[in-house]
Amino acid sequence: MSSGVISATDYFERRRLGPLAFEALVREREQARSRSHLSLDEELAIRTARVEELRRGVLWRNPGPPAPPPPAKTEPAWSRTAKKKPTYPWTVTLKRNARPGFEVHLSEGVCRSMIDSFSAAAPYRVETGGFLFGNQPLNSFGGSVCHASHPAPNAKHGSTTVSLGSEAAIRDELGLDQEYFRRVGCWHSHPTEDPTPSTADMDAWAQYLWARAGERHFEYVAIIVTPGSGGLGPEFHGWVTHGARGRFVCEPAALSDRSGYCS
Ligand SMILES: [Zn+2]
């Protein structure tokens with residue numbers, strides 16, 4: 001082949017296989033000459049198998065015995081979610097229809113800030129969210145939110161999920177002092193009109209309380225923002241998770257807002 005002369009058969013073979021596979025074939029042929037003790041049929045069988053192998057892109061390497069078929073799946077696809085769910089040392093009970101006994105006061109600009117982040121994420125059809133900060137600790141009747149942050153730089157946005165990222169990064173970015181700005185909760189958006197917290201939502205909120213049980217954190221506020229109906233813009237739905245010793249309850253919280261966005 002290095003002579004530069006190529007037969008018509010080889011020419012078409014080269015075009016069919018491509019240069020790399022063709023070179024391998026020629027090399028194979030040269031090796032085949034040393035197998036001259038084989039019968040014509042045996043030689044043909046080897047070559048046919050080799051050409052098939054080359055066409056599949058398996059070049060020069062011995063592919064070894066075929067891989068065993070993958071083991072049959074013993075569980076149906078729908079059980080994947082259930083299997084993934086880790087077990088936690090706490091329980092959260094959702095009381096979706098409870099009458100709100102907890103009131104969250106939102107300072108001027110809190111809803112505006114959530115609307116801005118919500119609008120920024122809307123074209124990408126992903127969920128977004130951030131942290132809620134207050135100047136005072138919450139008590140069992142309610143509390144105040146003075147700032148709703150945008151998502152942290154390392155937040156992860158999915159179509160039906162959002163990971164809020166690092167609170168420290170947001171504090172650094174906004175210059176929020178740890179003493180004065182306490183994290184009292186978080187907010188996130190839902191793509192549909194359903195403001196009901198998911199199990200993952202409630203587990204994340206409970207986890208926050210569980211991790212801070214020694215710091216007398218007994219309430220955690222969450223706001224779920226939905227697109228809103230009737231073209232009037234986003235709607236805000238308050239939730240509070242409270243409890244102690246790993247037995248938490250999540251129920252609606254009343255939101256009140258001076259600027260009137262949320263009420
Ligand atoms: Zn959610």
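Among contacts in the protein chain between residues at least 6 apart in sequence, 65% join residues at least 24 apart. Two residues are in contact if their C-beta atoms, placed from the backbone, lie within 7 Å. The structure is a predicted model; local features need pLDDT of at least 70, side-chain atom pairs count only at pLDDT 80 or more, and totals for chains, interfaces and linings use all residues. Residues are numbered from 1 along each chain as its sequence is written.

The protein chain holds seven helices and eleven strands. Helices (H or I, at least four residues) and strands (E, at least two) are DSSP runs, numbered from the N terminus. Of the 263 residues, 25% count as buried. A residue is buried if 20 or more other C-beta atoms lie within 10 Å of its own, exposed if 12 or fewer, and partly exposed in between; C-beta atoms are placed from the backbone.

Confidence was examined next. The predictor's confidence in each residue, from 0 to 100, is its pLDDT. The mean pLDDT of the chain is 83, and 85% of the residues reach 70 or more. Among the elements, strand S9 (residues 219-226) has the highest mean, 96. Helix H4 (residues 80-84) has the lowest, 56. Where pLDDT is low, the predicted coordinates should not be read in detail.

Helix H1 spans residues 8-17. Of its ten residues, the number buried is zero, so H1 lies largely in the open. Just after H1, Gly-18 takes a positive phi of about 90°. Helix H2 covers residues 19-33. Two packed helices are described by the angle between their axes and the distance between the axes. H1 and H2 pack at an angle of about 130°, with their axes 6 Å apart. H1 is therefore oblique to H2. Angles under 35 degrees count as roughly parallel, over 145 as roughly antiparallel, 65 to 115 as roughly perpendicular and the rest as oblique. Axes are lines fitted to C-alpha atoms, for helices over the stretch in contact, and angles run from 0 to 180 degrees between N-to-C directions. On the H1 side, Glu-13, Arg-14 and Leu-17 meet Pro-19, Ala-21, Phe-22 and Leu-25 of H2. By class, this contact has five nonpolar, no polar and two charged residues. Ala, Val, Leu, Ile, Met, Phe, Trp, Tyr, Cys and Pro count as nonpolar, Asp, Glu, Lys and Arg as charged, and the others, Gly among them, as polar.

Ser-149 sits in the loop between strand S5 (147-148) and strand S6 (156-157). Ser-149 is buried, because 25 other C-beta atoms lie within 10 Å. Ser-149 touches Gly-130, Phe-131, Ile-170 and Leu-174, not counting residues up to four places away in sequence. Ser-149 and Gly-130 are 19 residues apart in sequence, and their C-alpha atoms are 4.9 Å apart in space. Leu-174 belongs to helix H6 (residues 167-174). With 14 other C-beta atoms within 10 Å, Leu-174 is partly exposed. From C-alpha to C-alpha, Leu-174 and His-150 are 9.9 Å apart in space, and they are 24 residues apart in sequence.

Most residues other than glycine have a negative phi. Arg-125 has a positive phi, near 50°. Arg-125 lies in the loop between helix H5 (110-121) and strand S3 (129-134). Arg-245 also has a positive phi, of about 50°. The loop between strand S10 (235-244) and strand S11 (247-257) contains Arg-245. Arg-125 is exposed, with 9 other C-beta atoms within 10 Å. Arg-245 is exposed, with 9 other C-beta atoms within 10 Å.
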